[in-house]
Amino acid sequence: MESTTLKSTRIALSIEGNPTNNEVLDLLRSEAGIGGPQVLVVPAADYLANADTQRTNQLLRAGTSLLLLDASQADKKHLVKHIGIGSPGDSIAYLITARPAAGDRLAYEMFDLTAPQDHTPAMQTASFTGTYPDGSPEPTLTPRPEVTHTPAPSAAAAFVQQITTALNRSQPAVATDTTEPVQQQWIENKTLNWGISQGSEHHGITPQAQSTQITLTFTFIVYLDEQASGNFQWLYLETLGYQSVGATGMNENYHDERGWANGWLQVVADSPSGFYVNSSSPNNVNSSTTYTSSVSFDVGVDTSSGGTASVDVSHSQSETITDWNIQQNDVNNWTFYQSSPWDAREMSWQNDMVSYNAGNFYYQVNDLPSLSTGVMNFSTMSVWNNQATSTDTVPVTIQIGAEWNYVGIKNIWPSYEGEWWGSTYNLTPYTYDIDLGMVS
């Protein structure tokens, strides 16, 4: 198969076969120069149908990353034969990288530019009419200042920037500790471009469309627990990410209109078949400024003397949670939500959304916390174990749902009219196929 090579200061690009021209490939081609990490670009369907599975790991072990173009969900499910994990959903582009890990293994990291989805949020509205305090003067309302939003980079441009940064970062040293548990790690990064369309007009206010999104990093690690009584496996899952109002910010953040703002986000990790819940984190968090997701468990390891040792495995991640809370609905089911100045879970008009500004003599939409007006980072951790070593391929499903809201007020002295809009993406499943036989 004929190959061409394009030299780049940041990426040394090789193109194999006849991939479809798309924005990702054009952006990578534009980075002309010399040197950089090796990236092989291939059409996903042709490569995954015809390539020897050993070739994928030979390329990755040699330091070449693999960029699959136009990868369907069916194509990506074939990846379980190549790297031990099959990924959900259609992708415009899908990058696979690897780094050396203990035990002559590879730790895999993937970057997914998801294809546009036919996924429309549910829109709800609620109204309220109130009156001014007795004796209050008629307010003098100043026109809202014009807000100019810098256009956000395209999804493809953001993806190319992300993978270019990842490919050029330094790699951690390989652990040489002989008591390191046998383990296999996969990390996948993806952005859900869950934008919001224009809302309906109420009281002369029409919320405009906004490019809201969720960025996710899923980490899967399978550990082999070696015991004299019989081996078994641990499965660790971390969901790390952020809910965002979008790269250009909220459409409005003025005293009479605020939105679209982050309201709540839900993460559900379903227990895989044949595995039992060991632990999860975080628990309920209320009225705190920070929280830490953390888990710890002991894994048996064969020693050079022929016995076994117990090794503590722990994971920890801290995040800010000011004016937000965490509700643990079930052992692996969490809702992160704005708790102040109002509870975003209520999904309706609430009196705490507005207050009377005695200095300016008008009702205003209350200021929102920074996690609501910008980015809300979140972290969850789940640990399961089975009872005996398995070589099966097991599906692991994570569900994600989120809500953004918009609040507006119209001062019509001596009364005012308020409106709330909520745009909700219901729980959406993402199922990964994990090959347990890689750690058996």
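Let's start in the loop between strand 18 and strand 19, where M347 is found; strands here are DSSP runs of E with at least two residues, numbered from the N terminus. Phi of M347 is near 55 degrees, a positive value in a residue other than glycine. M347 is buried, with a relative accessible area of 18%, where buried means under 20%, exposed over 50% and partly exposed in between, using a 1.4 Å probe and protein chains only. That loop also holds P341, and the peptide bond from S340 to P341 is cis, with omega near 5 degrees.

A word on the source: this is a predicted model, in which local features need pLDDT of at least 70 and side-chain atom pairs count only at pLDDT 80 or more, while totals for chains, interfaces and linings use all residues. Residues are numbered from 1 along each chain as its sequence is written, and side-chain values use heavy atoms, leaving out hydrogens and water.

Moving on, F361 lies in the loop between strand 19 and strand 20 (362-365). F361 also has a positive phi, near 60 degrees, but is partly exposed, at 33% relative accessible area.

Definitions and conventions
Helix = DSSP H or I, 4+ residues; strand = E, 2+ residues; numbered from the N terminus.
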